[in-house]
Amino acid sequence: MLIPHPILGPRDAQEFVYLGDAALIDRPDGMTAGVEEFHDYLYQRDNPAGVHRELWYHEQGDRSWLVVTRDTVTHEILGAELARDVARARGRSK
Amino acid sequence: MQYSGLRVIWEGLTGQKGWGPMWRDPAPKTTYDMVIIGGGGHGLSTAYYLAREHGITNIAVLEKGYLGGGNIGRNTTIVRANYFLPGNSEFYSHSLKLWEGLEQDLNYNVMHSQRGLINLFHSDGQRDAFVRRGNAMINQGDDAILLDREGVRRYLPYLDFDNTRFPIYGGLYHPRGGTARHDAVAWGYARGADQRGVDLIQNCEVTGIDIENGRVTGVQTTRGAIRAKKVGIVVAGRSSQVAAMAGMRLPIESHVLQAFVTEGLKPVIDHVVSFGMGHFYISQSDKGGLVFGGDLDFYASYAARGNLPMVEHVMEAGMALMPMIGKAKVLRSWGGIMDMSPDGSPMIDRTHVEGLYLNCGWNYGGFKAVPASGHCFAHLMATDRPHEAATGFRLDRFATGRGLMDEEGTGAQHNLH
């Protein structure tokens with residue numbers, strides 16, 4: 001699988017470490033969220049068969065986190081963006 | 001039809017005309033007492049034990065493809081009971097005992113071969129961990145023998161003992177471990193369930209689960225609606241999709257695990273050899289093919305096939321361990337869809353819906369569990385109480401923090417198993 005890195009161009013997926021669903025960007029607020037919310041965040045997954053937005057870390061490269069859109073049934077990679085941009089677009093400060 | 005040696009001889013003398021199909025191909029009825037979703041190893045064994053142990057025979061097993069077409073037909077066939085933690089230990093011990101009586105019980109040759117399993121270690125620290133694991137296995141009533149380097153050499157003279165990165169210090173020998181013919185396990189359970197009146201319905205995909213007032217009332221399928229008092233979900237890698245029909249999200253990620261087989265060779269590997277540091281394990285099938293596998297590809301996947309980097313990694317690990325296999329030609333490779341749980345252990349439990357039960361989270365180790373998984377799930381569905389060998393497989397353990405079974409000691413986190 002080749003991941004189209006937004007800065008570095010196409011990179012072999014082997015350079016990356018996979019974390020999981022991009023929803024992990026939306027970590028609950030530790031000061032206000034309850035146990036149930038954190039349980040859902042840490043353990044429960046949508047686990048879709050089809051298009052999946054997921055976090056990949058470019059460990060063997062520029063150490064950036066990407067949000068990769070990939071089809072879990074065919075392994076086709078549909079796009080990649082910097083996780084930082086995705087998080088900021090959702091209102092996160094960093 | 002009972003199978004026996006006499007029967008084989010008689011059919012041989014009379015032109016093989018007496019063999020019939022091993023199970024019927026019934027159309028689904030509109031109502032059953034229980035419906036099992038998933039006609040793989042675990043689903044078929046559940047139906048078998050429901051009929052045999054609990055006398056419940058008005059059951060349908062619904063399979064979207066063909067019987068045994070999923071992970072039961074895609075694994076590396078290893079049977080073992082070498083688990084460490086309470087919760088897992090008693091369960092896999094129970095499973096191995098069922099394996100040991102399985103062929104007589106099913107009247108079916110599943111080619112269960114207790115050829116022994118040897119887990120290798122490569123450092124003093126790892127030896128300590130294996131001593132501890134071996135003691136846990138013995139305490140559970142199973143067998144474990146610690147082998148030093150020369151002990152391993154006696155059994156496995158062909159290994160590269162002086163590998164620079166992972167020199168072999170010894171191994172933990174589990175004589176009752178071994179292999180079985182994976183497809184035959186599914187077929188044996190299917191035949192046994194069918195003989196007891198269970199309807200095995202293929203090409204029947206479940207598209208919805210009917211729930212009224214918090215109670216399951218049946219399922220919608222591609223072959224019509226089926227009403228049932230109790231429904232069991234046993235669908236491995238597809239658990240998230242089927243559970244979603246009942247409004248559930250599961251602590252499951254589906255990943256791909258690859259396996260490989262070479263052309264048939266003369267007998268050369270007499271045991272199951274597990275090389276944990278290289279993520280490599282191997283045995284030789286009765287046809288002669290070397291059957292081996294490695295680690296997950298480590299990304300979510302429903303493709304039932306993996307990518308080349310992991311193929312290369314597995315081949316490298318094999319060559320590091322036993323250079324003699326370098327000239328064997330790989331015949332096939334394939335992948336299975338693994339239902340990975342956060343702590344690497346399964347769930348056999350009730351759900352928030354009355355009459356709806358869940359059996360999933362078998363990670364990359366479901367094959368050896370097939371007998372006990374079905375046995376314990378049948379017990380749960382029939383009596384509404386967990387079987388004593390499977391009390392730890394709670395669905396809510398990630399919420400309560402009670403009874404996490406993190407066998408690998410890496411932490412109960414999705415991307416670490």
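**View 1. Contact between chains A and B.** The contact is formed by 18 residues of chain A and 21 residues of chain B, two residues being in contact if their C-beta atoms, placed from the backbone, lie within 7 Å. This is a predicted model in which local features need pLDDT of at least 70 and side-chain atom pairs count only at pLDDT 80 or more, while totals for chains, interfaces and linings use all residues. Residues are numbered from 1 along each chain as its sequence is written, and chains are lettered from A and ligands numbered from 1 in the order in which they are written. On the side of chain B that touches chain A, β15(B) gives the most, with three residues; strands are DSSP runs of E with at least two residues, helices runs of H or I with at least four, numbered from the N terminus.

**View 2. Open sheet of chain A.** Four strands in the order β3-β4-β5-β6 (chain A) pair antiparallel; pairing requires at least two DSSP bridges. The edge strands, β3 (17-21) and β6 (77-82) of chain A, each pair on one side only. Four bridges join β3(A) to β4 (residues 51-57) of chain A, and D21(A) stands opposite E54(A) in β4(A).

**View 3. Largest nonpolar core.** Such a core is a set of buried Ala, Val, Leu, Ile, Met, Phe, Trp, Tyr and Cys residues joined through C-beta atoms within 7 Å, buried meaning that 20 or more other C-beta atoms lie within 10 Å of a residue's own. The largest has 116 residues, and A193(B) is one of those touching the most other members. Helix α10 (residues 370-383) of chain B supplies the largest share, seven residues.

Technical notes. Buried ≥ 20, exposed ≤ 12 C-beta atoms within 10 Å, placed from the backbone.
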